[in-house]
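Visitor: Hi! I'm new here and would like a friendly tour. Could you put it on the screen first?

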Amino acid sequence: VVNLVVGIGMIVELLNVFGKRTLFQHVIASLLGFIFLPYYALNKDVKYLGTVDYKKIGKSTTREWGEAIFFAVIAATIIRTFTIEAFQIPSSSMEKTLLTGDFLFVSKLHYGPKTPRTPLALPFMHHSMPFGGLPAYLDWIELPYFRLPAFQDIKRKDIVVFNYPREDYRPSDKREHYIKRCVAIAGDTLQVVDGVVSINEEIQKSPKTAQHKRLLITTNYEEAINWGFENDLNMSDFQIDTNQRGPWNFTCHISDKDYKKLTRKSWISIPQKYKGPLNDKKGVPGYGYPFKYGLNQNNNIRKKHKIDSSLLVWNKDFYGPIYIPKEGRTIKLNTKNMNLYERVISAYEHKEIVGMENLIESYHFIKALQKEEFKFGRKSSRVIENNLNFTQKFIENVKRNFRHQELTLYLEHWSDQFYMRTYFAENRDHLKDVCKTLDYNLNTFIKENGQKELDWILEKFQTFNKNWSTEESLVAIEKYLKTNPSLYMVDGVLTDEYTFEQDYFFMMGDNRHASADSRAWGFVPHDHVVGKAVFVWLSMDPDYPNWGDIKHKVRWNRLCSFVSRDGMSRSYLWEFLIGGIILWGANKWWKNRELKKSIEK
């Protein structure tokens, strides 16, 4: 980046001394120097005229603004790429530590700044343009991953910004930014039991600001709503059943401190059955990583597509135990490890890993797909809406079983549940048409690629044993696996172990029952880490859309606050204002002093 700026400066000065001094000449030579510099060099009419003193001849207004904007863009790009970048909190997953509407600075120096992997990108844009959703980058050039030295390692309880790992359809540095708390670092073993997190068999205290989902009853609907606004709860997570006449049941995501305050109110009561958080039940299937554990809960489809029901047991409150991969650590490969770490090895460490059991599962799954025509869009709108979660997870399973044939971008989007959550919300009135398009794309993909994938699977079986190359061989393979351990191959090499090439982290939101985090999509690779949240400079409450009510719209008590692993500091707004006034006054005094000196001379 520095070379680019200095190089352009050198070209401009070179042209100046040979009389090529217009803005157009400077711009065109900077962009196409490999053409114009040789042209000027071979042109006999181009003469050396000496350096230019702009203090005497001045610059045009266009030139002044152009240069100022250019160097401002370069400086800002360097700052946000290598030092500190501004972000906004879009959702309630970190409440009540970081709130929806917080604007914060994230330090990239703490964990070491990354050099861009896709350098051809528009300034100040991440992955998409603000209008039309077109990509704001070109992937013609992809540089290798490199991180500059860090000030510190990622520690447990740090609040970390990272690139969302599941967006396989974008380069890693252009994936959506997420912010969560790091609850487990590389080398840890994590388990969640009844909502309580344990690391290496040691129970971890939840952050004081952590929220849990609770069920309450109110006899005063308006008081309950007003209390939610006054205490800055996210009202999208404060849901009252308006179908009742009263008293009203309502669920809210709330911290222990706010819960104690709320339950002291005369118009609030606690159902005897739900005195604690509304945790999921042990053994009840849930969504989550590894994806084989939460594919669906439909018995017919489970049997039809050979899905092992004994694995469908992890959820948000009963999860693990699971080992967090550490660089240099070697694990033995087996059926369970393949389910846990297959994506780590293939998607993040870019190794082709295949195991016989997984190949057999994929083979049966794809054979079942070929016999079925999918008709999601021919159901009623209500049925479609009720089955969207299953439909999305089904496409996720399609992606997991098509290892060799790449999904189209359309189906890649469907396999990303958090992309689709936004998509469903924006297209709720057209879900039938959405699912009809899905029917066409899914059936077309299976028709064109199903047999290719089956042929690839049979080819892979032959690498394990040259006699296992036909469909009839599956019976022999399944018989073999009953009395022998499964075989695995990494990049074509037969092995029963794997050594991780980088560290991974397990991230969770402080709003434990309303957070899309590692329990849903797995580990965060070290090369996806962006930086550490350090400072909230502005905070606006989205529950108050009207700027006329600026007293409530702006959270004044959060302005200019520092972020730490223990929560938020107090507001330092007054200190920053006073410091800013002092600096402004000192700058003004210095300029007047210099002006006075120049006049005297």
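Guide: Let's start with a term: a nonpolar core is a set of buried Ala, Val, Leu, Ile, Met, Phe, Trp, Tyr and Cys residues joined through side-chain atoms within 4.5 Å. Buried means under 20% relative accessible area, exposed means over 50%, and partly exposed is in between (1.4 Å probe, protein chains only). This is a predicted model, where local features need pLDDT of at least 70 and side-chain atom pairs count only at pLDDT 80 or more, while totals for chains, interfaces and linings use all residues. Residues are numbered from 1 along each chain as its sequence is written, and side-chain values use heavy atoms, with hydrogens and water left out.

Visitor: Okay, which residues touch the most other members in the largest nonpolar core?

Guide: They are L369, F394, L442, F461 and I477, out of 40 residues in that core. Two or more residues each come from α10 (356–370), α12 (388–401), α13, α14, α15 (431–464) and α16 (473–483). Helices (H or I, at least four residues) and strands (E, at least two) are DSSP runs, numbered from the N terminus.

Visitor: And which element gives the largest share of this core?

Guide: That is α15, with 13 residues. Another core lies apart from this one; it has 29 residues, and W314, I331, L333 and L340 are among them.

Visitor: Switching to charges: how many salt bridges does the structure hold?

Guide: There are 26. A salt bridge here is a side-chain nitrogen of Lys or Arg within 4 Å of a carboxyl oxygen of Asp or Glu.

Visitor: Where would I look for R400 and E361?

Guide: R400 is in helix α12 and E361 is in helix α10, so to speak two distant parts of the chain, 39 residues apart. Their side chains meet in a salt bridge, 2.5 Å from N to O. Both R400 and E361 are buried.

Visitor: What about R156 and D188? What do their side chains do?

Guide: They meet in a salt bridge too, at 2.7 Å from N to O. R156 sits in the loop between β2 and β3, and D188 in the loop between β4 (177–184) and β5 (189–193), so this pair ties together parts that are 32 residues apart in sequence.

Visitor: Is D188 buried or exposed?

Guide: D188 is buried, at 4% relative accessibility.

Visitor: Which residues are linked in a network of salt bridges?

Guide: The network links D102, D232, D541, R555 and R558. Within it, the side chains of D541 and R555 meet at 3.6 Å, N to O. D541 lies in the loop between β20 (529–539) and α18 (550–553), and R555 in the loop between α18 and β21 (561–564), so the pair ties together parts 14 residues apart in sequence. D541 and R555 are both buried.

Visitor: What is D416 in contact with?

Guide: Leaving aside its neighbours within four places in sequence, D416 is in contact (heavy atoms within 4.5 Å) with Y164, E167, Y169 and Q392.

Visitor: Now the outside. Which residues form the nonpolar patch on the surface?

Guide: L23, V27, L31, L32, F34 and I35 do, with about 570 Å² of accessible area together. Patches are made of residues with over 30% relative accessible area and no salt bridge, joining like charges within 9 Å and nonpolar side chains (Val, Leu, Ile, Met, Phe, Trp, Tyr) within 5 Å. Accessible areas come from the Shrake-Rupley method with a 1.4 Å probe, and for residues only the protein chains shown count as cover.

Visitor: Which helix supplies the largest share of the patch?

Guide: α2, with three residues. Both α2 (23–31) and α3 (33–42) supply at least two. V27 is in α2, and V27 is partly exposed at 43% relative accessibility.

Visitor: Last topic, the backbone. Where are the cis peptide bonds you can show me?

Guide: One runs from E95 to K96, with omega near 10°, and K96 is in the loop between β1 (84–88) and β2 (102–107). Another joins G320 and P321, with omega about 10°; P321 lies in strand β12 (residues 318–323).

Visitor: And what is the phi of H350?

Guide: It is positive, about 55°, although H350 is not a glycine. H350 is found in the loop between α9 (335–348) and β14 (353–355), and is exposed at 60% relative accessibility.
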